[in-house]
Amino acid sequence: MDARPEVLVVDDKENMLKLFARILGDAYAVTTAPDGARALALLASRAFDVVVTDIQMPGADGFTVLREVKRSAPDTEVVLVTAYASVPKAVEAIKQGAYDYLSKPFDPDEVALVVARALERRRQKKDAAGLQARASRMPDFHGLRGTSPALRKTHALLAQVAARDLTVVLTGETGTGKELAARALHRESPRRDKPFVAVNCGALPADLVESELFGHAKGAFTGATGAKAGLFEEAHGGTLFLDEVGDLPLPVQVKLNRALQEKEVRRVGTTTPVTVDVRVVAATHRDLAAEVAQGRFREDLYYRLDGVTVRMPSLRERREDIPLLAMHFLSTARRPELEGFTPEALQVLTAAPWPGNVRQLQNAVARAAAMATGPRITPEDLPPESAPVRPAVTPGALPTQALAKRPYREAVDEVRDAVSRDYLTALMQEFSGNVTHAAERAGMERESLHRLLKRYGVRTEDFKRGEPS
């Protein structure tokens, strides 16, 4: 069986069919049709990767063929050909879904290049569709999405801990999903039908923290015009999530420790205890043990909270999730016309450091989707922080000992960037700066090569003069 890509050529002139077959026959399995009617019959019975069709034909013309392809096989790319070069017709063809437009007379190399680009576009669309399908099937543990071993391990630990009425401390960098994890613990627990109350301790004014947590009596302080229940009472029977618990003032830590020990609170301005049944889930990006050693966090509260500790993995620890997450976030960006990301854009996203983790990735994708002007998001559409600039390093310039002192991924990325720049330099030198021929050799679209040249600072004009800088 011929495994080559399938190309259907439609033209009512036999000499044109023979010409296309000669141009494309070595690389593709070419089928010809002498008119639009025959083409429609073939399309009804077989699948083609690319259709190259003349516009001006008796009966079913090229636009009829285009509409049928887009109706029955939308992934098939269509290139329209006409002897009557017309910008309006070209615009209309693109609007109706054609990939490109050729005018007679054409250069054989141009035909081969356009068909190759159409096939690459089809492959990228299939890859994007596959990525979208995988993203839609991505395990979702109450909003914590991913397939990486690191996140699967976290999912399993959260599910195990949820059923046990223990205090849980969630640790990890900002943006790793600690609140999502807290909500997952609540929804998987026997308390799921009771309130889930969340508070960011670091965002509470210092003079109101105690009142917010434990409530106050009428007249307890200026402005206390009535009695108010605190968050502990609001969460009675359910879960209280104390985000950034390490930011609590020391005097409030004392009262929090007592509330956890005695399972009761006293509103500010009263001595009457109120019994509360609350599961506390705390979160922090700080090292609480270090905070205890520095006297900034009470040791007794530290041990009271330390029932089970769950560390949320950073995005750098689960880079295999980044393409799936990016596609998921793109699907929520209200730009249905966007097909996905170019391979180069996904490479940039996957290699970026993401100090803000999933939250930062989500914002970056939203901004890129808003800025994108083409069918796919490119590296140029991404915000600058997603592609940090590294100094160029010539392979071998860094001794092995120096590389070994760096994090693995940083060392590998640095040498990879140097190899990429050397490759592009040699490629441009071989073809004297001709991007079209260089792109064919590299097996990529001309636009993709342009982006890589820009990214690595390789200037085509230097090679046209024969002297690379």
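**Notes on a predicted model**

1. Start with Arg 71. This residue counts as exposed, because its relative accessibility is 61% and the cut-off for exposed is over 50%. Keep in mind that the model is predicted.

2. Arg 71 has a charged partner. Glu 68 forms a salt bridge with Arg 71, and their closest N and O atoms are 2.7 Å apart. Both residues sit in helix α3 (residues 62-72), three residues apart, or about one turn of the helix. An α-helix has 3.6 residues a turn, so residues three or four places apart point the same way. Glu 68 is partly exposed, at a relative accessible area of 23%.

3. Now the whole protein. The secondary structure comes to 20 helices and 18 strands. The C-alpha trace spans about 100 × 55 × 45 Å along its principal axes. The radius of gyration is 31 Å, whereas a compact globule of 469 residues would have one near 23 Å. Of the 469 residues, 46% count as buried.

4. Salt bridges deserve a look. The whole structure holds 22 of them. One joins the side chains of Arg 316 and Glu 173, at 2.5 Å from N to O. This pair links distant parts of the chain, 143 residues apart. Arg 316 is in the loop between β16 (308-311) and α13 (322-331). Glu 173 is in the loop between β8 (168-171) and α7 (178-187). Both are partly exposed: Arg 316 has a relative accessible area of 32%, and Glu 173 has 31% relative accessibility.

5. Glu 317 also takes part in a salt bridge. Its partner is Arg 311, with the closest N and O atoms 2.7 Å apart. Glu 317 counts as partly exposed at 39% relative accessibility. Arg 311 counts as partly exposed too, at 48%. Elsewhere, salt bridges that share partners join Asp 165, Arg 191 and Asp 277 into one network.

6. Look next at a negative surface patch. Asp 107, Asp 109, Glu 110 and Glu 440 form it. Asp 107 lies in the loop between β5 (100-103) and α5 (108-136). Its relative accessible area is 41%, so Asp 107 is partly exposed. That value passes the cut-off for patch residues, which is over 30%.

7. Finish at helix α19 (residues 446-455). Which of its residues are buried? They are Ser 448, Leu 449, Arg 451, Leu 452 and Leu 453. Just after α19, Gly 457 takes a positive phi of about 70°.

Notes
Residues are numbered from 1 along each chain as its sequence is written. This is a predicted model: local features need pLDDT of at least 70, side-chain atom pairs count only at pLDDT 80 or more; totals for chains, interfaces and linings use all residues. Side-chain values use heavy atoms; hydrogens and water are left out. Patches are made of residues with over 30% relative accessible area and no salt bridge: like charges are joined within 9 Å, nonpolar side chains (Val, Leu, Ile, Met, Phe, Trp, Tyr) within 5 Å. Accessible areas come from the Shrake-Rupley method with a 1.4 Å probe; for residues, only the protein chains shown count as cover. A salt bridge is a side-chain nitrogen of Lys or Arg within 4 Å of a carboxyl oxygen of Asp or Glu. Lys and Arg count as positive and Asp and Glu as negative; His and the chain ends are not counted. The place of a charge is taken as NZ of Lys, CZ of Arg, CG of Asp or CD of Glu. Helices (H or I, at least four residues) and strands (E, at least two) are DSSP runs, numbered from the N terminus. Buried means under 20% relative accessible area, exposed over 50%, partly exposed in between (1.4 Å probe, protein chains only). The radius of gyration is taken over C-alpha atoms; the globule rule is 2.2 Å times the number of residues to the power 0.38.
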